[in-house]
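This report goes through one protein chain part by part. Please look over the sequence and the structure before reading on.

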Amino acid sequence: MESVFEIIAEPNRRAILSLLVSSQQSVGEIERQLRMTQPTVSKHLRVLREAGFVEATVDAQRRLYRLKLEPFQEVEDWLEPFRRFWSAHVDALERHLDRMDAATPTIKKARRNRRGANRDLDKGETK
């Protein structure tokens, strides 16, 4: 059995999963939106279904596919340490940018004031 990561590594499967995020879709709808052949879509949906990423319900003569969230938990768990890592770095960058903004407020205000004055002149007002 393929791992979760091997399954989602395939670009066509990721495209199908991306479509199913917003709503359930039939095979025909997936074919049209992704410009894939029916056999290709069916093959990838079978892999996704067997791995537990999607489930199908029958609606008259068509099957509607929708996401199942459980397999994504493994990806979520794997990503968590990286989120903490990047969160700390992004927070540090934000603090640095805030310090830079605090050190140069007059330049930005002067530029903003000039732009504001020019906007008034553009509207037909005179000084």
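This is a predicted model: local features need pLDDT of at least 70, side-chain atom pairs count only at pLDDT 80 or more; totals for chains, interfaces and linings use all residues.

A60 sits in the loop that links β2 (54-59) and β3 (62-67). Its phi is near 60 degrees, which is a positive value in a residue other than glycine.

R35 also has a positive phi, near 55 degrees, and is likewise a residue other than glycine. The loop between α3 (27-34) and α4 is where R35 is placed. The relative accessible area of R35 is 79%, and R35 is exposed.

## The chain as a whole

The protein chain contains 6 helices and 3 strands. In sequence order these elements follow the pattern α-α-β-α-α-β-β-α-α.

Of the 127 residues in the protein chain, 22% are buried. The accessible surface of the protein chain is about 9,500 Å², and carbon and sulfur atoms account for 53% of that surface. Taking the contacts between residues at least 6 apart in sequence, 48% join residues at least 24 apart.

Helix α2 covers residues 11-22, and its buried residues are R13, I16, L17, L19 and L20. These residues lie on the same side of α2, because they cover an arc of only 160 degrees around the axis.

Which exposed residues does the face of α2 turned away from its buried side carry? That face carries P11, S18, V21 and S22. At the start of α2, a side-chain oxygen of E10 comes to within 2.7 Å of the backbone nitrogen of N12.

## Where α2 meets α4

Helix α4 is made up of residues 38-50. The axes of α2 and α4 come within 10 Å and cross at roughly 80 degrees. This angle makes α2 roughly perpendicular to α4, since angles of 65 to 115 degrees are counted that way.

On the α2 side, the residues that take part in the meeting are N12, R13, I16 and L17. On the α4 side, they are V41, H44, L45, V47 and L48. R13, I16 and L17 are also among the buried residues of α2.

## H44 in helix α4

H44 lies in helix α4. Is H44 buried or exposed? H44 is buried, and its relative accessible area is 2%. This value is under the 20% that marks a buried residue, so H44 belongs to that class.

Leaving aside residues up to four places away in sequence, H44 touches E10, N12, R13 and I16. Two of these residues, E10 and N12, also form the pair described at the start of α2. R13 and I16 belong to the buried side of α2.

## S26 in strand β1

Strand β1 spans residues 25-26, and S26 is found in it. S26 counts as buried because its relative accessibility is 6%.

Which residues does S26 touch, not counting residues up to four places away in sequence? They are R62, R63 and L64. The range given for β3, 62-67, takes in these three positions.

Conventions
Residues are numbered from 1 along each chain as its sequence is written. Side-chain values use heavy atoms; hydrogens and water are left out. Helices (H or I, at least four residues) and strands (E, at least two) are DSSP runs, numbered from the N terminus. Buried means under 20% relative accessible area, exposed over 50%, partly exposed in between (1.4 Å probe, protein chains only). Contact means heavy atoms within 4.5 Å. Accessible areas come from the Shrake-Rupley method with a 1.4 Å probe; for residues, only the protein chains shown count as cover. The arc is that of the directions from the helix axis to the C-beta atoms. A polar contact is a pair of N or O atoms within 3.5 Å; within protein, one must be able to donate a hydrogen and the other to accept it, and residues adjacent in sequence count only if both atoms are side-chain atoms. Axes are lines fitted to C-alpha atoms, for helices over the stretch in contact, and angles run from 0 to 180 degrees between N-to-C directions. Angles under 35 degrees count as roughly parallel, over 145 as roughly antiparallel, 65 to 115 as roughly perpendicular and the rest as oblique.
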